[in-house]
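I opened this model to look up a few loops and a few helix pairs. These are my notes, in the order I made them.

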Amino acid sequence: MTALRALAVTVVLAATALTFRPVLDHGLLNWDDGRVVGHPRLTEAPGALAAWAATTTDMQHYQPLAWLVYGAVARAGDRAAAVHAVSLALHVLNVALLFWLTTRLLSSGDDDGDWWIPAATTALFAVHPMRVEPVAWASALPYLLAYAPLLVATGCWLAWLRGGATRALAAAVGLYAISQLARVTAPLYPLVLVALAGAVPAARSRPFPAVVRAAALFALIAVPLGWMEAGAREIESLADIGLEPRVAWALTHPMTYLARAAWPSAASPLDVLPRVPVADWGPALVATIAAAVVVTATAQLASARAALATWGSHLLLLLPVVGLTPSGLQLTADRYMYGPALVLSAALAVALTRAPGGLRQAALVAAGAAAVLFGQTARAELAPWHDSVALWTRAVALDANNDVARYNLADALVAAGQPVAAIAEYERLLALVPDHTLARQRLNGLRADAEAAAADAAAAAGRLAEAATAYGRALAFDESRVHVRVKRGMALATRGEFARALPDLETGAAAGNTDPAVASALAFARVAVGRTADAIALLTETAARHPDDFGLANNLARLLVTAEPATLRNPARALEISARITQATGGNDPRQLDTLALAFAASGQPEDARQAWTRAAGLARAAGDTELVAALDARLSASRR
């Protein structure tokens, strides 16, 4: 490789790296990234991870090598930075390999041809805005990983076609297997190789039957791996999406991709499948005519073999994703164009070598200008991929009716701590898709959160009636929130509305709530409706579970001396509990001393009772609790009669 050639490839690789450098600061997206990069199996021991990766079709793909790469990423401290660094490195590697393959394709065997042609065409591929999605989206890493060995495999195939040794063919077969184990991106690659053989002049020395037999070796890999991949995908049935929309898409999408490659314009990061698929034959007819014109022009300007090799290979790589077998949520995606764009880049280089000298020089200038424009556009289009909120904000700005983008945006806003904005997005989504069950559940959950938060604030400020009402509104949005029911019950019980509080508190107890304060409130509510025996049983059980909760124990002791009917009372047990509390706390709580006095009185110890009431009244008076002082003085006076 000459110095100029080395300089050219260095400039192209540096421009590629600089264009996509911002991805290193990007986070993970709420579009599969967490499920992929954060998959729980990735941190298993290497042997266990390899065994799982070799058999799993998780995420609707068979991609064992990709899982191993993700496993290495998962062991990095910053997974987001690590996976984006790997994606960028793979893209730069693919650009280098494309340059190498293009030079091999252009070479006559004893020279390497013009260096600037592969440099120019490779640069156009490298910084094209359609490379943004596969480089910036962590979940698209398998596409980048698959094409590195596939490019080398194609170079080895060229070497074999030109009379190379059998080991070149063996290497090509092995590399193809490695490629498709990363992601089955080229199941029709054996046919691509046959088309390529017909377009390479030096390959015509290989008899066609020999070429077909050699391509069959690749088919032995493509068929089982393609079968695994097809089995992993949840392909829409004909009942869900009929044959006519599929055919219309298959006719339209190849030219859609080609048009975007020629004139990159703003496109949504998620071209979602229509909610009601219909066959739009107008665009399909226009696309078919345009395709016929392009292929015919290629055949006229170059040759029929060149047209077959270029557009046949392009279509064969694109065919699995043009819409005949729709799966997932997307109709089209830039990552699907990564492989076909490699074909177009190499074909453009071949076309330029055959162009007149003046045209080639003009093409160099045009390619340079286009590369600069593409690079600037790609850099700008990277920005929305920085985080989930930015990505889906961009998507809904481009297509306000994109229901999937709106749902993802709302979820991203929730994760970003912006519930008010998320509520607005869920409402807009439900206006588009009223029967979107999950969105309605999420919206109701957010509204319940907002009402519960308002209720908590009101309760903390002592506005218990307002709190109980707000808790009710929260439960209207999500009646399954037991903890909110308990909070409403506590607010009502604190207000003395025990009959209204009882159902909520009973629900909490049935759900396993054993909080002593809740148990006490529930006991008071049961007493209020005449279920005193149940109240005593509840407090006894809860006190045994929380022996150090003296407030709970005091409530039990008080109930044991005041219960109605009197047959439920147990003064001796109440006195035992109250005495233990007094000893443990030092007798400095006037309400607890009041309970002790009641227990003394019920046990026939009036003098001890009066002493306890006297001390309790003094403590209450010192604390400024006039209401309690009045009650204690009344009991003390009654005990002296």
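**Entry 1: ground rules**

I am working with a predicted model, in which local features need pLDDT of at least 70, side-chain atom pairs count only at pLDDT 80 or more, and totals for chains, interfaces and linings use all residues. Residues are numbered from 1 along each chain as its sequence is written, and side-chain values use heavy atoms, with hydrogens and water left out. Helices here are DSSP runs of H or I with at least four residues, numbered from the N terminus.

**Entry 2: the loop between H3 and H4**

I started with His61. It lies in the loop that links helix H3 (46-53) to helix H4 (64-74). Is His61 buried or exposed? I found it buried, at a relative accessible area of 10%. Buried means under 20% relative accessible area, exposed means over 50%, and partly exposed is in between, with a 1.4 Å probe and protein chains only.

Next I looked up its polar contacts. For these I need a pair of N or O atoms within 3.5 Å; within protein, one must be able to donate a hydrogen and the other to accept it, and residues adjacent in sequence count only if both atoms are side-chain atoms. The side chains of His61 and Glu229 make such a contact at 2.5 Å. Another, of 3.5 Å, runs from the His61 side chain to the side chain of Arg183. I then listed what His61 touches, leaving out residues up to four places away in sequence: Thr56, Arg183, Glu229, Ala232 and Arg233. Contact means heavy atoms within 4.5 Å.

Met59 sits between H3 and H4 and has a positive phi of about 65 degrees, although it is not a glycine. Gln60 is in the loop between H3 and H4, and its phi is also positive, near 60 degrees. Met59 is buried at 14% relative accessible area. Gln60 is partly exposed at 24%.

**Entry 3: His26**

I moved to the loop between helix H1 (3-20) and helix H2 (33-37), where His26 is placed. His26 is buried, with a relative accessible area of 6%. Which backbone oxygens does its side chain reach? I noted Pro22 at 3.4 Å and Trp385 at 3.2 Å. Beyond neighbours within four places in sequence, His26 is in contact with Ala80, His84, Leu382, Trp385 and His386.

**Entry 4: two distances**

Ala15 belongs to helix H1 and is partly exposed, at 33%. From Ala15 to Ala126 I count 111 residues in sequence, and 8.5 Å in space, C-alpha to C-alpha.

Asp435 lies in the loop between helix H19 (419-432) and helix H20 (437-460). Asp435 is exposed, at 62%. Asp435 and Leu188 are 247 residues apart in sequence and 40 Å apart in space, C-alpha to C-alpha.

**Entry 5: a cis bond**

I checked the peptide bond from Glu564 to Pro565. It is cis, with omega near 5 degrees. Pro565 is in the loop between H26 and helix H27 (571-585).

**Entry 6: H12 and H13**

How do helix H12 (residues 243-262) and helix H13 (residues 281-301) cross? Their axes come within 8 Å and cross at roughly 40 degrees. Axes are lines fitted to C-alpha atoms, for helices over the stretch in contact, and angles run from 0 to 180 degrees between N-to-C directions. So H12 is oblique to H13. Under 35 degrees counts as roughly parallel, over 145 as roughly antiparallel, 65 to 115 as roughly perpendicular, and the rest as oblique.

On the H12 side I listed residues including Val247, Leu251 and Met255, and on the H13 side, among others, Trp281, Pro283 and Val294.

**Entry 7: H23 and H24**

Helix H23 (residues 498-510) and helix H24 (residues 516-528) pack at about 135 degrees, with axes 9 Å apart. That makes H23 oblique to H24. Phe498, Leu502, Leu505, Glu506 and Ala509 of H23 meet a set of H24 residues that includes Val518, Phe524 and Arg526.

Technical notes
Helix = DSSP H or I, 4+ residues; strand = E, 2+ residues; numbered from the N terminus.
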